Amino acid sequence: MKDWLLIIDGGATKTACAVVHAESGEIIYTKTAGGSNYQAIGVDSATEILQALLAYVHAFLQQQSHSKIAVATFAMAGIDSSKDHAIVKAIVHAAITKSQLDIETLIIENDAEATLLGVTAGQTGALLIAGTGAIAYAFDGKRIERAGGWGHRAGDEGSGYWLGQEVVRAIFRMEDGRGEPTILKNDVYSYLRIQDVTDLAAWIFRPSYTNAQLAKMGAFLADAVTKNDSCAIQISMRAAHELVLLACAVLKKINYQGEAINLYCNGGAIKHNPLILKAFSQDMTSMYPQIQISLCQHQPIHYIIERTKRAYNNL
């Protein structure tokens, strides 16, 4: 008899699903769907997305000789408080009930928290995620602390969304004559197939606008930096500074005293902009020489699988 593990990584832009053989660690089934952060799309839509994914999982497991799931981890974006956890818990339970999956142990937690426990292998360490949003978690071996991740309306400085917003702001300032020229204008206009600043304003305020789409505008920074675009360099350096503040804040919460520690970084905003990574790493190691900074080499779901496997082994 095989034991199955079910992993759901419910992010803001996509939801990844994997069924894993508990003993071998082999991934035997995967499926993806749209984002399932209830804060972004609402409770009903998040429930529908999970229900659809779990229906696929149920159909697949019905073809196996054994369909019981030993441990299921739902690592979900949007769990920022006990109230959020209660809402997401209700969403998950509704989806599971609809799918009729047989789950022995159920874990529901913030997606970044689950990733942290996976990437650190349960040891002391920290994780900085600069994707569409920006958040940091640290684990001292006993408790998990968090900084950032408060959303684009109030924070997320240094994130992909923040970068995209800064790029667009720079273009508006340039077009108004309030800011310096930047080649970012040509890149953005070409990508969006627009002609002028009024088209850019219309694009931002169209009904189908999403934060993830604006975050894509930040992807033009890295190339502009290589061409010595002053505006792109300034934005990237400010992003690095904000991410340093974020990392230091979460390390302070676990009373970090400068001893050797691993700080893992993930998310396109830091992984795909060499200047941001370089400036961030230099500032962090100048303050804390013992810190070891490394980029996550796998997708978050890989680390959530590792976290789930340890939970299974501890049963």
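Helix α13 (residues 300-313) lies across β1 (4-10), β2, β3, β4 and β5, and runs at about 140 degrees to β1. Helices (H or I, at least four residues) and strands (E, at least two) are DSSP runs, numbered from the N terminus. Angles run from 0 to 180 degrees between N-to-C directions, with axes being lines fitted to C-alpha atoms, for helices over the stretch in contact. Contact means heavy atoms within 4.5 Å.

The model is predicted: local features need pLDDT of at least 70, side-chain atom pairs count only at pLDDT 80 or more, and totals for chains, interfaces and linings use all residues. Residues are numbered from 1 along each chain as its sequence is written, and side-chain values use heavy atoms, leaving out hydrogens and water.

The five strands form an open sheet in the order β3-β2-β1-β4-β5, with mixed pairing; two strands pair if DSSP finds at least two bridges between them. At the edges are β3 (27-34) and β5 (103-110), each pairing on one side only. From one strand to the next the twist averages 10 degrees. Strand β4 (residues 69-76) pairs with β5 in the parallel sense over seven bridges, and A75 stands opposite E109 in β5. Helix α3 (residues 82-99) packs on the sheet, touching β4 and β5, and its direction makes about 145 degrees with that of β5.

Within strand β2 (residues 14-21) is V19. V19 counts as buried because its relative accessibility is 1%, the limit being under 20% relative accessible area (1.4 Å probe, protein chains only). Leaving aside neighbours within four places in sequence, the contacts of V19 include W4, I28 and L61.

Terms used:
Buried < 20%, exposed > 50% of the residue type's maximum accessible area, 1.4 Å probe, protein only.
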